[in-house]
Amino acid sequence: MTIKEQTITCTVCPKGCRVTVTYDDNGEVKKITGNSCSRGEKYARNELVDPKRVLTSTVRVVGGVKPVVSVKTDAPVSLKKMMECMTAINTLRPNAPVKMGEVLMQNIAGTSANVVATSETETA
Amino acid sequence: MAKEKKLQYDVAVIGGGPAGLAAALAAYDNGAKKVAMIERAGELGGILDQCIHNGFGLHYFKEELTGPEYAYRFIKKVEETKIKVYLNTMVTDITHEREITAYSEHYGQLKISAKAIVLAMGSRERTRGALNIPGQRPAGIFTAGTAQRLVNIEGYMPGSTVVILGSGDIGLIMARRMTLEGAKVEAVIELLPYSGGLQRNIVQCLNDFNIPLYLSHTVTQIHGHSRVTGITYAKVDENRQPIAGTEKYIACDTLLLSVGLIPENELSKKCGVQLDPITGGPIVDQRMQTHVPGVFACGNVAHIHDLVDYVTEEGMLAGKNAARAARGKLKTPKKLLTVIPGDNVRYVLPQLIAKKKAKKVQISFRVAGPMERGKLSVLYDVTSGKSKTRKHLAPGEMERVGLEAKLLKKTKQNVTIQVKERK
Ligand SMILES: Cc1cc2nc3c(=O)[nH]c(=O)nc-3n(C[C@H](O)[C@H](O)[C@H](O)COP(=O)(O)OP(=O)(O)OC[C@H]3O[C@@H](n4cnc5c(N)ncnc54)[C@H](O)[C@@H]3O)c2cc1C
Ligand code: SF4
């Protein structure tokens with residue numbers, strides 16, 4: 001059995017610790033070093049199997065003062081699903097007004113994350 | 001034109017970005033009764049309005065917010081106060097005696113006199129003019145910040161195949177943003193042997209999307225007449241000169257420039273504030289006061305920040321002290337200590353310490369080059385304080401160190417911040 005090592009930059013907080021994960025052929029984690037806190041360990045484990053990120057983008061608003069509002073997923077979504085999520089987000093055309101925090105789409109691309117507004121606009 | 005108005009305030013804050021928002025709130029909370037905030041845009045929030053990605057507020061709110069959400073929290077707080085906000089109002093002049101001239105769409109010319117002023121005008125982007133790449137000036141060349149504004153505020157994609165010159169944070173963020181919106185980002189090209197951006201952005205914006213980063217490379221030619229058709233890039237030697245024979249061509253319709261930000265200090269100069277040639281911002285003491293009594297500076301106007309949390313902290317410090325200055329409670333001793341950037345340190349801020357009552361003094365600094373492990377130490381005159389090991393030091397990531405009050409008290413001349421490489 002071979003033992004592999006991978007160094008991952010933890011992006012949970014700005015400290016950006018370099019976390020080294022040692023694992024075997026079966027993907028079983030043997031050792032985790034370099035993290036300053038437990039969130040780093042959890043992050044590194046997840047990075048090996050299925051990296052997730054909060055997705056941010058914009059959506060076009062119908063009849064708003066601003067042409068677009070910014071949005072985010074309210075939970076991290078799998079990197080593998082990013083483009084699928086973007087396609088879904090780009091179909092959204094909410095009517096003004098849009099409020100901060102308003103849920104614009106639920107369970108995006110089957111990820112169980114929702115798309116929420118991170119800015120707002122009045123009706124033109 | 002509306003007739004000229006003359007106004008008086010205890011504290012006037014110039015700029016309504018995160019630095020200005022924090023400064024105005026802190027001034028108000030620390031007893032300044034009449035506080036004004038003057039912003040040239042139609043909305044408060046500054047650059048945060050176009051920074052729709054998340055990663056703001058990890059220190060301050062202990063959660064990850066997007067730029068607009070971070071700004072929103074402060075804007076709501078301002079709305080709960082009696083702070084007077086002037087939007088669509090551009091400050092054009094400040095005198096040494098703290099007389100402000102501004103033009104407002106709504107009020108016409110405004111003359112404001114303030115007991116204390118906080119400079120919080122942020123920064124502007126370096127442009128191609130400063131770079132001198134041969135080639136015509138076809139359409140399709142944007143600064144990364146302009147592209148960010150077009151995509152995130154106007155909802156308009158500036159191009160479909162993109163090369164980014166410079167690996168500053170805005171460029172990295174835009175590499176991901178344009179990829180998500182369906183563009184093909186061919187490469188990020190960086191002159192230096194290391195990136196000027198945050199490590200987390202390299203991971204999340206480039207690595208996640210397999211966008212190559214070419215370090216020690218530069219763009220040597222821009223092709224195209226009416227629109228960019230491609231660029232030539234080449235490896236550079238230790239003197240940052242292109243190496244003949246290493247040129248390669250990339251076809252693209254858009255070139256984004258992410259080659260850094262410059263503090264916006266035209267106004268500061270007008271009122272006689274002295275600038276630090278390295279930071280490009282005013283020289284300040286630990287209370288964020290400049291050489292001009294009653295004039296304070298904070299945020300990107302003072303030095304370029306990578307994390308908004310520290311911008312907020314600096315803004316609060318400036319606002320609080322501006323409120324004290326307005327009450328005549330801020331004394332500046334004749335003798336100030338100087339803070340000196342020592343070995344491997346490019347700059348320090350504050351550059352001066354007004355010693356009397358100097359308590360918890362935090363020094364922000366940037367290292368001159370990347371270092372895996374460094375020994376950070378502070379010299380108080382010649383006495384060395386406790387030294388600490390810091391890992392993964394990089395010029396793109398601002399560092400901070402707290403001074404030891406006991407040693408500072410005994411210091412007569414200067415404090416030196418230095419970093420020595422540790423193997
Ligand atoms: C692209 C980008 C990405 C970033 N990403 C992150 C991140 O992920 N996490 C993080 O923590 N930080 C990030 N930052 C850093 C942080 O957002 C900035 O450091 C911060 O916004 C600076 O705040 P400021 O108030 O000093 O300047 P600004 O936000 O630039 O505000 C200055 C304001 O002053 C106004 N103004 C200027 N001149 C005048 C005048 N003459 N009269 C009236 N008003 C005037 C401007 O209109 C503007 O609103 C990022 C910055 C950029 C540019
Ligand atoms: S390991 Fe902990 S301290 Fe280090 S970057 Fe991750 S979250 Fe931050």
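Mentor: Let's begin with a term: a polar contact is a pair of N or O atoms within 3.5 Å; within protein, one must be able to donate a hydrogen and the other to accept it, and residues adjacent in sequence count only if both atoms are side-chain atoms. This is a predicted model, where local features need pLDDT of at least 70 and side-chain atom pairs count only at pLDDT 80 or more, while totals for chains, interfaces and linings use all residues. Residues are numbered from 1 along each chain as its sequence is written, chains are lettered from A and ligands numbered from 1 in the order in which they are written, and side-chain values use heavy atoms, with hydrogens and water left out.

Now to the contacts. The side chain of Glu39(B) places an N or O atom 2.6 Å from an oxygen atom of ligand 1. From the backbone, a polar atom of Val308(B) is 2.7 Å from a ligand 1 oxygen, and an N or O atom of Ala19(B) lies 2.9 Å from one. On its own, ligand 1 exposes 1,000 Å², and the protein buries 95% of that (Shrake-Rupley method, 1.4 Å probe).

The shell has 32 residues (a heavy atom within 4 Å of the ligand), and Ile47(B) and Asn300(B) are among those that come nearest. By class, 16 are nonpolar, 12 polar and four charged, with Gly counted as polar. In chain B, α1 (18-29), β3 (54-56), β6 (89-94) and α7 (308-326) each give two or more residues to this shell; these are DSSP runs, helices (H or I) of at least four residues and strands (E) of at least two, numbered from the N terminus.
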